[in-house]
Amino acid sequence: MSRDPIRIAPSILSADFANFGAEIRAIEAQGADWVHVDVMDNHFVPNLTFGPQLCRAIRPHIKTVMDVHLMIAPVDASLQAYAEAGADIITAHYEAGPHIHRTLQAIRGLGRRAGLALNPGTPASVAGPLIDSVDLICVMTVNPGFGGQKFIDMTERIRSLKALIGDRPVLIEVDGGVTPETAPLVAAAGADVLVAGSAVFSGGSVDDPSVYGRNITAIRAAAEGAQR
Ligand code: DX5
Ligand code: ZN
């Protein structure tokens, strides 16, 4: 069975924070399919990044897809701000509050695609009652909060979710520790979107962006070689 091409979504968590506009233009010119934006609140996760104003500021530089990963709690009161900032996809964590169904409905109600993120310690089965309320499931392959962490093998989870999704138009995104070494594992299991921070940005810069291109190509080639 042929599969859609793998999408590579570099996380700007690993970009130069003093130069987001140029970094985004560079990764898109070098083949990025989406731009992954990691929003952290120093509460749900032990790290602090940026908020809706930064998202709004970088939006004009993004020509592809703005994929906003909210690692914040509570989340509902902030959804409108990220929608108005221009997010195409807004992903919220199952673990971030008691009313994830309401959260996903609210994201769709704002006209955005709704993503559900699952931490490594959360069973895949929680996605069952939510499957018709999501456009994307983000399988965390690290505990969220930092870039550059070691990959946690969640391939069985990806296979379970793939079976649950069936022929629904729901994408599986994998986030954390994705490299040319780990990408084949998740691609073979059924991942559609690979988030990669350190593996895309390491060794490159806006003055030497071809390194980003080589890094993206290496991840994509490794993944596509393993797709069923
Ligand atoms: C982790 C973030 C990831 C992370 C990926 O909390 O959600 O997007 O930045 O970074 P790498 O690819 O370096 O693991
Ligand atoms: Zn992320």
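Predicted model: local features only at pLDDT ≥ 70, side-chain atom pairs only at ≥ 80, totals over all residues.

Visitor: Thanks! Where does threonine 182 lie?

Guide: You'll find threonine 182 in the loop between strand E7 (171-175) and helix H6 (183-189).

Visitor: And what does the side chain of threonine 182 reach?

Guide: That side chain reaches the backbone oxygen of glycine 177, at 2.9 Å.

Visitor: Nice, let's go to the ligand then. Which residues come nearest to ligand 1?

Guide: There are 20 residues around ligand 1, and the nearest of them are Asp38, Gly148, Asp175, Gly197 and Ser198.

Visitor: What about serine 198, how far is its side chain from an oxygen atom of ligand 1?

Guide: An N or O atom in the side chain of serine 198 is 2.6 Å from a ligand 1 oxygen. Glycine 145 takes part through its backbone, with an N or O atom 2.8 Å from an oxygen of ligand 1.

Visitor: How much of the accessible area of ligand 1 does the protein cover?

Guide: On its own, ligand 1 has 380 Å² of accessible area, and the protein covers 100% of it.

Visitor: How many residues of that shell are nonpolar, polar and charged?

Guide: The shell around ligand 1 has 10 polar residues, 8 nonpolar and 2 charged.

Visitor: Which strand supplies the largest share of the shell?

Guide: That's E2, with 3 residues. Strand E2 (35-40), strand E3 (66-71) and strand E8 (193-196) each give at least two residues to the shell.

Visitor: Which strands does E5 pair with?

Guide: One is strand E4 (residues 89-93), which runs parallel to E5 and is joined to it by 5 bridges. In that pairing, isoleucine 90 stands opposite alanine 114. To get from E4 to E5, the chain passes through helix H4 (residues 100-109), making a right-handed β-α-β crossover.

Visitor: And the other pairing?

Guide: That is with strand E6 (residues 136-140), again parallel, through 4 bridges. There, leucine 118 stands opposite valine 139.

Technical notes. Residues numbered from 1 in each chain as written. Chains lettered and ligands numbered in written order. Heavy atoms only, no water. Pairing = 2+ DSSP bridges. Right-handed = clockwise from strand over helix to strand, strands pointing away. Near = heavy atom within 4 Å. Polar contact = N/O pair within 3.5 Å; in protein donor to acceptor, adjacent residues only side chain to side chain. Areas by Shrake-Rupley, 256 points an atom, 1.4 Å probe, with all protein chains shown as cover. Nonpolar A, V, L, I, M, F, W, Y, C, P; charged D, E, K, R; others polar.
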